[in-house]
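Take a look at the sequence and structure first.

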Amino acid sequence: MFSSAQEFEDAMKMALRNIENGKLKQFYETNSEQDNIDVLQKLLDLGYATGYSLSGSLGGYMLSLNNPRITIEGLRFLEGKHQEPLIQPIQNFHINQASNSMFGIQNQSTINVTYSDEQIRDLIDSQCDNEEDRKELHALLETLNAVIQNNIPVQKGTFARFSDLISKYSWITSPIVAKLLEHFTK
């Protein structure tokens with residue numbers, strides 16, 4: 001086990017020199033197995049070396065050689081001219097529902113959100129376990145369709161009877177708003 005980052009870095013340089021001299025197998029056999037695995041795997045992860053692989057089993061690890069060589073990044077590391085890799089923080093998101101959502105880094109994205117009545121009914125049936133609430137959510141959809149199909153002017157309070165239901169099942173707001181926007185933007 002390495003006692004410092006410098007000791008680990010020195011072992012990485014030693015491994016790269018052994019690769020350069022065609023003696024990777026000798027390097028692998030001279031140190032403790034776990035230290036070698038850590039060093040050689042890190043070299044692969046950083047892109048400093050290529051042409052070998054490590055595989056583990058119950059009996060230990062096996063080094064497979066396929067023309068091991070140093071990459072340009074590895075040479076820079078040996079010469080002290082390498083740049084520290086940018087370490088991106090790992091972010092974990094635990095999301096229960098994320099309809100029509102995008103995660104990650106995008107330069108440009110487009111989401112077209114439309115829901116058919118059938119899709120909304122299926123969503124209600126799959127997401128709502130309470131039979132009475134399910135009936136009310138279906139009634140909300142029917143009211144929405146009546147407003148749209150009959151071109152009824154929507155006044156304040158038209159959907160008031162559904163406000164508690166919408167608060168309880170907030171996922172329904174996305175399909176409702178999408179349906180309204182689709183109607184009003186045509």
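**Surface, fold and aromatic pairs**

The protein exposes about 13,200 Å², and carbon and sulfur atoms supply 48% of it (Shrake-Rupley method, 1.4 Å probe; for residues, only the protein chains shown count as cover). This is a predicted model, where local features need pLDDT of at least 70, side-chain atom pairs count only at pLDDT 80 or more, and totals for chains, interfaces and linings use all residues. Residues are numbered from 1 along each chain as its sequence is written, and side-chain values use heavy atoms, leaving out hydrogens and water.

**Fold**
- The protein has eight helices and two strands (DSSP runs, numbered from the N terminus: H or I of at least four residues, E of at least two).
- Along the sequence the pattern reads α-α-α-β-β-α-α-α-α-α.
- Of the 186 residues, 28% are buried (under 20% relative accessible area, 1.4 Å probe, protein chains only).

**Aromatic pairs**
- Two aromatic pairs are counted (ring centres of Phe, Tyr and Trp, its six-membered ring, within 6.5 Å; stacked under 30 degrees between planes, edge-to-face over 60, the rest tilted).
- Y48 and F77 are stacked, at 4.9 Å centre to centre and 25° between the planes.
- Y48 lies in the loop between α3 (33-46) and β1 (49-57), while F77 belongs to helix α4 (residues 72-78), 29 residues apart.
- Y169 and W171 pair edge-to-face, at 5.9 Å and 65°, and both are buried.

**Around L123**
- L123, in helix α5 (residues 117-127), is buried, with a relative accessible area of 18%.
- Leaving aside residues up to four places away in sequence, L123 touches W171 and P175 (heavy atoms within 4.5 Å).

Conventions:
Buried means under 20% relative accessible area, exposed over 50%, partly exposed in between (1.4 Å probe, protein chains only).
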